[in-house]
Amino acid sequence: MKGKDSNSRESNWSRLVTQMVVITLILVIALIGMASLANAGGKVYKIGLSLAITGPTSDAGNPYAKGVEDYFRFVNDTKLLGDDKIECTIKDDQYQTDVTKRNFEDFLDQGIVFYLNYSTGSTLALKKDFDEVEIPVLPASFHAGNVEGSKYIFLPIASYSEQTILLAEYIVKNSKGGKPKVAMFIHPSAFGRGPVSDLEKAVGAGLGIEIVEVVEHGNDLDNTAMLQRLMSKGVQYVLCQTIQSPVATMLKDAARLGVISKTFGEAGKITFLGAHYTGGNDLIDLAGNAAENFFWTTSYTITSEPGAGTDAQLSLAKKYGRDDKAANSHNYANGVMVAQVATEVIRRAKEKGLEITKKALYDELNAMNGDKAYQPPTTVGPVTYSATDRAGVDSLQIYSVQQGKFKKIGTPITSEFIKKIK
Amino acid sequence: MSVNRWLATGNFFTAYQEEQRTFLTNLDRLIFSIFLLILFTWPIFFPLNRTYMLVVDNILVAVIAVLGLNLVTGFAGLISIGHAAFVGVGAYTIASFSRVLGDSHILLTHFWLILILIGGLFGAIMGAIVGLPSLRLKHLYLAIATLSFQMIFEWAIKFLTFFNQGQTISVGRVMWFTGEIGRENHYLFWYYVTLTLIILLGFGIRNLFKTRYGRALVAVRDNDRAADAMGMHPGLTKVYAFALSGFLAGVAGAVHAFLYKGAGIESFTLHHSITYLAMAIVGGLGTLNGSFWGPTAIQILNLQVEKFSEYASNYLPSAMNLATALRPLTFGLVIVLFLMFEPRGIANWWRIAKSYTKTWPFRY
């Protein structure tokens, strides 16, 4: 009896195991089938973005990452590339070059065809790697030195040097009296220092300003002494090339001292001006009323000015449920724009029937000029690249804060002296 | 000592020399040899992608640096909070050669091993100089002296144009007997180089503590007046501890420069000094194997926190930037918890684990 029971138990057990194996096999086959059906429609193009989502400068990196993420989602959701999809992996590097390097290696292991980088430091450090693997790169840094001696780095817009020189040209054109006295307020890094020598070169080439002092800020919480020193030296204009928070600190101190000019170039007062990363709505949030009459330049449209760029930016942000802060950030527009350029080169290469490779996208970027220039809605001019042109949008728009909002001043312009010093 | 050197079920030392043996039993030696064999062969059988190979290389570089820090802080009892600067001295020695001679000069491509030693030498010189205040200063005052070196180092690199004002100075690829070490084998090659250096330096330090020079470090740490009375020179011993630590840090920095094909100030800041200190504490101050455990634990923890904060940043309000705070918070918490509950570090867990195996097959 015992033997019979145990035989029956064994047979039940083996039947159960067989059933389990068959069910598992069916499930696995079904899953594989579903997965292959899901991909049957198109190809997947991999892109990598490494940036500071946390840590220093994450106030800019955060909306930038959201802009990139949202635009690629939009591309996939609206089938801008047909059945093909873009898979963009975004990784946080905490503004550390060592981590960026690791992220970049990770992306290469994943087989990316296009790379989006962030900081000046990491772009300069990885320059040789980009050349070695021959991958087109769009960084968030507009440092002119990024493209020196590199074939594969493309600046999204005019360099910091060009922005600073353009602001200096604006000072010359709009200043009354003698040679305007200018001080520079810069970040203590290559990001901040980059434009200094170029501005000095422009002055050497005949740009009519006097650079009185170059101040490298630290983590100062009070700029009273510095501002009083600048006043005592007769400084009329302060050109800023840094991030928003030190500018906000300085503007608040200047407001407390009553030295901010109410109109451009007001005698006995200081007019503050700054390049791309100094301005935007975040500056107004940080500095409050002290941001009034701050002059700023960038190649991006901003949401306080109505237009196609603003509509596109706000509708994209709304579609993907972004808060007002991200939606109105010029760094969100910045992220959207680099994603647009990457998508556009893929689209163009696809249109030509080319296989989407690093080389094909690199060639497409180089061909983006003349009648093939690309006009995204979020920039104030077309994106153009060639073998000798490595800055995407060459034109810059000057804005100033009027009644708590950045407002356009004139139409987009380009720097004259940048051509002279090149 | 047990007659059968394959067994160790008790301490039966009959001479001081027996206690000083690197391997107490043949079993220890065999296990260590197998462990080394595994370390040298696993990349052949289980090749990692470049990303994780870079992580492993990073851990090994940190091991060399922490070996140095453990010498000065763990064994000699001198708190150093400027260790990343010493590592930076090694890295910037290589970068300086690259700056002056060009990044692909034959000296850098062919004689890189000599340059690594020169990096160590410069680290040792700077270590000795920074160690000079230890002739007069003790405890926290000395720690502040090392902190000031960190500050001076950062300032000098950031402001001198020769050092590219802190931006990366590139270093070219090196050559081996098989030709240039290309992109594919770069991290694997530096894994083997760093591993070999660790083994050599590890044995060097282990043997140092069998000599009076090594014992002098511990004697000065435990009671410098007593050491003085015993005929040692506490001041010079401290300077020599700093020099030795600087040498190891310099070697680590030089390897770092070759590994990353460049040197930039971002890798040698105060934050990194604190990280090295955390590695030494978590690993176990004053223990040789703690220098291996600490970097491994902290780097792995770092990776996991990095992934978590990346994930958390999607959900936490960006304005509060809470994700940014996760890393320093975890770091601080780990150090505090170790100091409170396991001041002897992971090395103590290793010691306990080992003592359990000693009881096998017979309890003693």
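Strands β10(A) and β12(A) pair in the antiparallel sense over 4 bridges. Strands here are DSSP runs of E with at least two residues, helices are runs of H or I with at least four, and both are numbered from the N terminus. Two strands pair if DSSP finds at least two bridges between them. The structure is a predicted model, in which local features need pLDDT of at least 70, side-chain atom pairs count only at pLDDT 80 or more, and totals for chains, interfaces and linings use all residues. Residues are numbered from 1 along each chain as its sequence is written, and chains are lettered from A and ligands numbered from 1 in the order in which they are written.

Within the pairing, the bridge partner of A:W296 in β12(A) is A:Y399. On β13(A), strand β12(A) is joined by 6 bridges, and these two strands run antiparallel. Here A:S400 has A:K407 of β13(A) as its bridge partner. The hairpin of β12(A) and β13(A) has 2 residues between the strands. In this hairpin A:Q403 takes a positive phi near 50°. Strand β12 (residues 396-402) of chain A is mostly covered, with 5 of its 7 residues buried. A residue is buried if 20 or more other C-beta atoms lie within 10 Å of its own, exposed if 12 or fewer, and partly exposed in between, with C-beta atoms placed from the backbone.

These strands belong to an open sheet of 7 strands in chain A. The order is β7-β6-β8-β9-β10-β12-β13, and the pairing is mixed. At the edges stand β7 (210-216) and β13 (405-413) of chain A. Each has a single partner strand, so one side of each is left without a neighbour in the sheet. Neighbouring strands of this sheet are turned by 25° against each other on average, direction ignored. Strand β8 (residues 237-241) of chain A runs parallel to strand β9 (residues 271-274) of chain A, and 4 bridges join them. A:V238 stands opposite A:F272 in β9(A).

Chain A as a whole has 15 helices and 13 strands. Its C-alpha trace spans about 115 × 50 × 40 Å along the principal axes. Of its 422 residues, 52% count as buried. Among contacts in chain A between residues at least 6 apart in sequence, 67% join residues at least 24 apart. Two residues are in contact if their C-beta atoms, placed from the backbone, lie within 7 Å. A:N293 lies in the loop between α10 (281-287) and β10 (295-298) of chain A. Its phi is near 70°, a positive value in a residue other than glycine. A:N293 is partly exposed, with 18 other C-beta atoms within 10 Å.

Two helix pairs of chain A were examined. Two packed helices are described by the angle between their axes and the distance between the axes. Axes are lines fitted to C-alpha atoms, for helices over the stretch in contact, and angles run from 0 to 180 degrees between N-to-C directions. The axes of α13 (residues 330-351) and α14 (residues 358-366) of chain A come within 9 Å and cross at roughly 105°. That makes α13(A) roughly perpendicular to α14(A). Angles of 65 to 115 degrees count as roughly perpendicular, under 35 as roughly parallel, over 145 as roughly antiparallel and the rest as oblique. Helix α13(A) contributes A:V345, A:I346, A:R348 and A:A349 to the contact, and α14(A) contributes A:A360, A:L361, A:E364 and A:L365. These residues divide into 6 nonpolar, no polar and 2 charged. Ala, Val, Leu, Ile, Met, Phe, Trp, Tyr, Cys and Pro count as nonpolar, Asp, Glu, Lys and Arg as charged, and the others, Gly among them, as polar.

The axes of α2 (residues 58-77) and α11 (residues 308-319) of chain A come within 10 Å and cross at roughly 80°. Helices α2(A) and α11(A) are therefore roughly perpendicular to each other. The contact is made by A:D70, A:Y71 and A:F74 of α2(A) and A:L316, A:A317 and A:K319 of α11(A).

Between the chains, 26 residues of chain B are in contact with 26 residues of chain A. Helix α3(B) gives the most to the side of chain B that touches chain A, with 4 residues. That side divides into 5 nonpolar, 15 polar and 6 charged residues.
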